[in-house]
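Please read the numbered points with the sequence and the model in view.

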Amino acid sequence: MLLKRLEHEINNLRMVLYDLGKEVDDYSSGKILLLSKRLDEKIILYQKLKDCKRNHGSPI
């Protein structure tokens with residue numbers, strides 16, 4: 001269940017970044033950098049949980 005929620009959050013952040021990128025010419029904008037950092041953190045957590053599930057068979 002946690003993996004599905006993370007997938008949803010990752011997809012939402014990607015869409016927000018894409019839309020924001022179309023509106024803003026400056027990709028070093030604070031808002032873009034903050035959202036990009038959050039997206040990276042979610043992706044890393046997702047990958048760690050997925051590896052844990054695969055290696056230990058724990059239901060996540």
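1. A residue is called buried when its relative accessible area is under 20%, exposed when it is over 50%, and partly exposed in between. The model discussed here is a predicted one. By this scale, Leu 33, with a relative accessibility of 47%, counts as partly exposed.

2. Leu 33 belongs to helix H2. Leu 20, for its part, is among the buried residues of H1.

3. The two helices concerned are H1, residues 2–23, and H2, residues 30–56; their axes come within 9 Å and cross at roughly 155°. Angles over 145 degrees count as roughly antiparallel, and H1 and H2 are therefore roughly antiparallel to each other. The crossing of H1 and H2 is left-handed. The residues of this contact comprise 15 nonpolar, eight charged and one polar.

4. Helix H1 consists of 22 residues and spans 32 Å from its first C-alpha to its last, close to the 32 Å expected at 1.5 Å a residue. Its buried residues are Leu 3, Leu 6, Ile 10, Leu 13, Leu 17, Leu 20 and Gly 21. Viewed down the axis of H1, these buried residues fall within an arc of 115°, so they line one face of the helix.

5. Asp 40 is a second residue of helix H2 to consider. With a relative accessible area of 42%, Asp 40 is partly exposed. Asp 40 and Leu 13 lie 27 residues apart in sequence, yet their C-alpha atoms are 9.9 Å apart in space. Leu 13 is one of the buried residues of H1.

6. Is Tyr 46, also to be examined here, buried or exposed? Tyr 46 has a relative accessibility of 16% and therefore counts as buried. This residue lies in helix H2.

Definitions and conventions: Residues are numbered from 1 along each chain as its sequence is written. This is a predicted model: local features need pLDDT of at least 70, side-chain atom pairs count only at pLDDT 80 or more; totals for chains, interfaces and linings use all residues. Side-chain values use heavy atoms; hydrogens and water are left out. Axes are lines fitted to C-alpha atoms, for helices over the stretch in contact, and angles run from 0 to 180 degrees between N-to-C directions. Helices (H or I, at least four residues) and strands (E, at least two) are DSSP runs, numbered from the N terminus. Angles under 35 degrees count as roughly parallel, over 145 as roughly antiparallel, 65 to 115 as roughly perpendicular and the rest as oblique. A crossing is left-handed if the near helix is turned anticlockwise from the far one by less than a right angle, and right-handed if clockwise. Ala, Val, Leu, Ile, Met, Phe, Trp, Tyr, Cys and Pro count as nonpolar, Asp, Glu, Lys and Arg as charged, and the others, Gly among them, as polar. The expected span of a helix is 1.5 Å times one less than its number of residues. Buried means under 20% relative accessible area, exposed over 50%, partly exposed in between (1.4 Å probe, protein chains only). The arc is that of the directions from the helix axis to the C-beta atoms.
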